[in-house]
Amino acid sequence: MAQTAVSTEANQQVLSQHLLLSVAEQIKLPLLQIARQAELAALSANPANLDRIQTTADMALHLLDSYVLGVRLATDTDQLFETEPVSISSVLYDVGSKLQPLARAYDVKLDMHLDGKYGPVMAHREGLLSALVSLGYALIEALPAIERPQLRLQLAAHRCRYGVVAGLYCEAEELSTEALRSGRELYGRARQPLTNLSAGSGAGVFVADALLRAMQTELTVSRHHKLRGLGAVLQPNPQMQLV
């Protein structure tokens, strides 16, 4: 009986994940249409008024794609999504490119900082990229509500005793281990789980967290050059360490 109960619960969890996956896929189409219509309208109408529409639609599409990817990574029983050697600098550069339109809309300055040179780390590249972009979306939206002389978000990587940390950093003192722990506890039960940081749902943070957990790591709070941030600890490619 116990085994049957466990099996039933597992099947319900998978069914729930599949249902959410189906819903996410279903609502992608109208959002995609909004994004493409905004592109066409920008050619003939006032681009300044339409860029924000396109940026918002693209952000929503990315979050849905990231959610779908997270579910697929978490339920991958065939090991189709294996880790591979990944260049951190390349990933951070691509993250910055994807975040630039939203950063521009919110008057947030993006920059990148790498402490020295890094060899490849082991990760699922698409998953890591999606996680950091989702995280960036959430932080960019949150920054204007935090009074600072200049809104700046730094994409950075640095070594720690556990591996290499890749993440996004800013001057927000509200970014703390306690705030993240509280947000995880409130997520799904409160509209504003990250009460000290974001007036919204903070969905990008939790999408990033889910993606990283699916890749056998997790979202963590860290410091980098007096800045506070959120990122993940990644393991260097063991083959490169032997060279």
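A salt bridge is counted here when a side-chain nitrogen of Lys or Arg lies within 4 Å of a carboxyl oxygen of Asp or Glu. The close-ups below show a predicted model, in which local features need pLDDT of at least 70 and side-chain atom pairs count only at pLDDT 80 or more, while totals for chains, interfaces and linings use all residues. Residues are numbered from 1 along each chain as its sequence is written, and side-chain values use heavy atoms, with hydrogens and water left out.

**View 1. Arg184, Asp209, Arg213 and Glu218 are linked in a network of salt bridges.** Asp209 is buried at 6% relative accessibility, whereas Arg184 is partly exposed at 29%; buried means under 20% relative accessible area, exposed means over 50%, and partly exposed lies in between, for a 1.4 Å probe and protein chains only. Arg213 and Glu218 form another salt bridge of the model, with their closest N and O atoms 3.7 Å apart. Both of these residues count as partly exposed, Arg213 at 43% relative accessibility and Glu218 at 38%.

**View 2. A salt bridge joins Asp94 to Arg125, with the closest N and O atoms 2.8 Å apart.** Asp94 lies in helix H3 (residues 88-105) and Arg125 in helix H4, so the pair ties together parts that are 31 residues apart in sequence. Asp94 has a relative accessibility of 24% and is partly exposed, and Arg125, with a relative accessible area of 25%, is also partly exposed. By the rule stated at the outset, the count for the model comes to 5 salt bridges.

**View 3. Helix H4 spans residues 125-142 and holds 18 residues.** From its first C-alpha to its last, H4 reaches 26 Å, close to the 26 Å expected at 1.5 Å a residue, where the expected span is 1.5 Å times one less than the number of residues. Of the 18 residues of H4, 15 are buried, so the helix is largely enclosed by the rest of the structure.

**View 4. Strand S4 (residues 152-160) pairs in the parallel sense with strand S2 (residues 109-114) over 6 bridges.** Two strands are taken to pair if DSSP finds at least two bridges between them. Met112 stands opposite Leu155 in S4. S4 is also joined to strand S5 (residues 163-170) by 7 bridges, and these two strands run antiparallel. Arg159 has Val164 of S5 as its bridge partner, and a hairpin joins S4 to S5 through 2 residues.

**View 5. Cys160 lies in strand S4.** With a relative accessible area of 28%, Cys160 is partly exposed. Leaving aside its neighbours within four places in sequence, Cys160 is in contact with Val165 and Val233, contact meaning heavy atoms within 4.5 Å. Although Cys160 and Val233 are 73 residues apart in sequence, their C-alpha atoms are 8.2 Å apart in space.

Note on methods:
Helix = DSSP H or I, 4+ residues; strand = E, 2+ residues; numbered from the N terminus.
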